[in-house]
Amino acid sequence: MALATRHGKDQALGRPFRFALGLPLVLADVDTDALGTFDGERPRPAPARETCRFKAEQGMAATGLTRGLASEGSFGPHPLLPLLPVGEEWLVFRDQEQDLVVEEHMLAPRTNFSHLRLAAGADPSPWLRRIGHPSHGVLVRASVPLDGPTIWRDLDHPDDLWQAIRRAAAASADGQALLETDMRAHRNPTRMASIRRLGFRLVRRLARRCPSCGSPGFGELETLPGLPCAWCGTATVLVLWEVLGCSSCGHRERQPRRDGRLQADPGHCPLCNP
Ligand SMILES: [Zn+2]
Ligand SMILES: [Zn+2]
């Protein structure tokens, strides 16, 4: 199976696909950066989900294989809590012969996504510690570039980093350097761990066949609220049903929540605890 990546994602995805599904990964040399980069140097033409599908197709085309896998992430402020960063990760499996697309998606609960503006000579150490440098990579650029945008990368050594900050600040109209977390998987172990988790989830989904059409790729699609209050039976916002669905035929079924809970604590009830 083809995996289109230049960022070492086979580290995270190789084992689950090989051992659970017997599908060894073949690295496809596709310029995935052409589809947009995290640093904004190349804008992303499509949302993460479409980009991910397209990458899988490109990997298959490059290797001549009929199965492909690709991952894509996007990072930004949380839609409801703007001060909280959030990562969104997609993983797509494509099988041409079975005409199958199976996806897995999650909001990454942990990400180090962050940035910092600072003048030359100021101390970035507290921020660097927080984002996990040097095991996690950092990008440096001018805050307000005087001429063309320049980005300094791969700054693991403190001397390289200090020098990049000085040069970026000197090349900026406001005298400040902009430091950003490097979100490429091979420079971001936190993100790599999210991709690994997603890989296991996709393998589980692929291993489960649809009870209606028999095609692989059956699993949870969404959850529905409504768990009744233990005192008065009123529907709460807690999960009552898990909806499972097929990636091929659209068959859906719902099942009670996996943990077997039948009633909600009255503390969640809109009547008993308004
Ligand atoms: Zn109640
Ligand atoms: Zn089906």
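Guide: Across the interface of domain 1 and domain 3, the rule finds 0 salt bridges, a salt bridge being a side-chain nitrogen of Lys or Arg within 4 Å of a carboxyl oxygen of Asp or Glu. This is a predicted model, in which local features need pLDDT of at least 70 and side-chain atom pairs count only at pLDDT 80 or more, while totals for chains, interfaces and linings use all residues. Residues are numbered from 1 along each chain as its sequence is written, chains are lettered from A and ligands numbered from 1 in the order in which they are written, and side-chain values use heavy atoms, with hydrogens and water left out.

The chain is divided into domain 1 (2-111 + 186-207), domain 2 (115-181) and domain 3 (219-268), with bounds that come from an automatic or database domain assignment. Between the C-alpha centres of domain 1 and domain 3 there are 29 Å. Their contact (heavy atoms within 4.5 Å) takes 4 residues from domain 1 and 5 residues from domain 3. Together the two domains bury about 320 Å², 37% of it on carbon and sulfur atoms; buried area is the accessible area (1.4 Å probe) that two parts lose on being put together, summed over both. Of the area that domain 1 buries against domain 3, 87% is supplied by Leu-100, Val-101 and Arg-205, more than any other three residues.

Domain 1 and domain 3 also each give at least three residues to the lining of the largest pocket. On a 1 Å grid over the protein atoms alone, a pocket is an open set of points where a 1.4 Å probe fits, with protein on both sides within 12 Å along at least five of seven lines, and lining residues have an atom within 4 Å of a point. The largest pocket has 19 lining residues, and those nearest its centre are Glu-104, Arg-205, Gly-219, Glu-220 and Leu-221. Two or more lining residues come from each of β5 (100-108), α5 (189-207), β10 (218-225) and β11 (239-246); helices (H or I, at least four residues) and strands (E, at least two) are DSSP runs, numbered from the N terminus. β10 provides the largest share of the lining, 4 residues.

Salt bridges do occur elsewhere: a search of the whole structure finds 20. In one of them, the side chains of Arg-191 and Glu-89 meet at 2.6 Å, N to O. Arg-191 belongs to helix α5 and Glu-89 to strand β4 (residues 85-95), so this pair ties together parts that are 102 residues apart in sequence.
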